[in-house]
Amino acid sequence: MNLLKPLVEAMLPRRCAVCDCISQGGFFCCLCENEICFDANGIEQKIRADFMYLNTVQKAVQQAKFGPDQTCAEALICHWSQLRRNTLPSDSFFAQAQAVCFVPAHWRRRIKRGFDFPSLIARAMATMLQIPLLDALLCSRLDMPLSLSSSRQQRIMATQGRYALRLAKHKVAQKCILLVDDVVTTGSTLGAAACVLQQAGATVHQFALARSPKRQQIQTAQI
């Protein structure tokens with residue numbers, strides 16, 4: 001099979017998950033990969049994130065969620081996993097976690113898309129940290145998505161009572177759980193989900209693959 005790999009790649013070269021250009025073997029072409037912005041201040045935030053929700057990352061997330069395109073979602077996650085495979089286990093923020101949980105989509109939205117983006121991220125995270133993945137939360141309401149311009153108060157009101165615990169309390173109590181989502185804007189969604197776990201007795205660390213930027217960060221990225 002290894003002997004055939006160069007021939008297969010020559011005949012069917014891998015293409016960029018975002019722009020469909022030939023990617024020279026990576027998940028993204030050189031141009032798209034160079035436009036991936038990292039969250040330089042993520043380590044200082046209550047909710048950790050690795051990417052900024054800009055350029056290639058924004059296009060990949062939107063294509064994954066609204067395409068819907070699971071291949072694009074997996075390409076972004078695999079690219080992130082390659083970058084973080086060696087550094088994640090040694091980071092104390094992640095190393096303390098005893099299990100990984102994700103912010104779930106409503107079952108109607110999950111069926112429509114065919115996959116749950118945060119669950120794919122959580123699965124990759126659990127594999128890298130070698131800890132269990134818990135399907136611990138239930139989304140009980142199908143709310144209309146809020147725009148990026150929605151205020152923090154609007155987001156808090158919209159997410160109140162949206163999530164419930166689907167596991168017995170003793171399965172999360174006294175555990176340090178890493179709660180994962182795809183994109184964080186104000187933190188209200190992650191906060192609402194985290195509150196359910198905390199009420200069950202868990203300690204919760206919050207992580208999103210990408211963070212929505214502030215206006216000055218958008219301007220800097222466009223320079």
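Helix α9 itself covers residues 188–199. Helices are DSSP runs of H or I with at least four residues, strands are runs of E with at least two, and both are numbered from the N terminus.

The structure is a predicted model, in which local features need pLDDT of at least 70, side-chain atom pairs count only at pLDDT 80 or more, and totals for chains, interfaces and linings use all residues. Residues are numbered from 1 along each chain as its sequence is written, and side-chain values use heavy atoms, with hydrogens and water left out.

The protein chain has 10 helices and seven strands. Of its 223 residues, 46% are buried. Buried means under 20% relative accessible area, exposed means over 50%, and partly exposed lies in between (1.4 Å probe, protein chains only). The chain exposes about 12400 Å², and carbon and sulfur atoms supply 52% of that area. Areas come from the Shrake-Rupley method with a 1.4 Å probe; for residues, only the protein chains shown count as cover. Among contacts with a separation of 6 or more, 72% join residues 24 or more positions apart. A contact means heavy atoms within 4.5 Å.

Helix α9 has 12 residues. Its first and last C-alpha atoms are 16 Å apart, close to the 16 Å expected at 1.5 Å a residue. The expected span is 1.5 Å times one less than the number of residues. Buried residues of α9 include Leu-190, Ala-193 and Leu-197.

Asp-69 caps the N-terminal end of α4. A side-chain oxygen of Asp-69 lies 3.1 Å from the backbone nitrogen of Thr-71. Such a polar contact is a pair of N or O atoms within 3.5 Å; within protein, one must be able to donate a hydrogen and the other to accept it, and residues adjacent in sequence count only if both atoms are side-chain atoms.

A cis peptide bond joins Gly-67 and Pro-68, with omega about -15 degrees. Pro-68 is also touched by Arg-113, as are Lys-65 and Phe-66, not counting residues up to four places away in sequence. Arg-113 belongs to helix α6 (residues 107–113). Arg-113 is buried, at 18% relative accessible area. A polar atom of its side chain lies 3.1 Å from the backbone oxygen of Lys-65. Arg-113 and Ala-64 are 49 residues apart in sequence, yet their C-alpha atoms are 8.8 Å apart.

Strand β1 (residues 47–52) is mostly covered, with six of its six residues buried. It pairs with β7 (residues 203–211) in the parallel sense over five bridges. Two strands pair if DSSP finds at least two bridges between them. Ile-47 stands opposite Gln-206 in β7.

Side chains of opposite charge can pair when their charged atoms come close. A search of the whole structure finds five salt bridges. Each is a side-chain nitrogen of Lys or Arg within 4 Å of a carboxyl oxygen of Asp or Glu. One of them joins Asp-39 and Arg-211, at 2.6 Å from N to O. Asp-39 lies in the loop between α2 and β1 and Arg-211 in strand β7, 172 residues apart. Asp-39 is buried at 10% relative accessibility, and Arg-211 is buried at 13%. Another salt bridge joins Arg-48 and Asp-91, with the closest N and O atoms 2.7 Å apart. Arg-48 is in β1 and Asp-91 is in the loop between α4 and α5, so the pair ties together parts 43 residues apart in sequence. Both residues are buried.

Two loop residues other than glycine have positive phi. Asp-20 has a phi of about 70 degrees and lies between α1 and α2. Asp-20 is partly exposed, at 47%. Gln-174 has a phi near 65 degrees and lies between β5 and β6. Gln-174 is exposed, at 69%.
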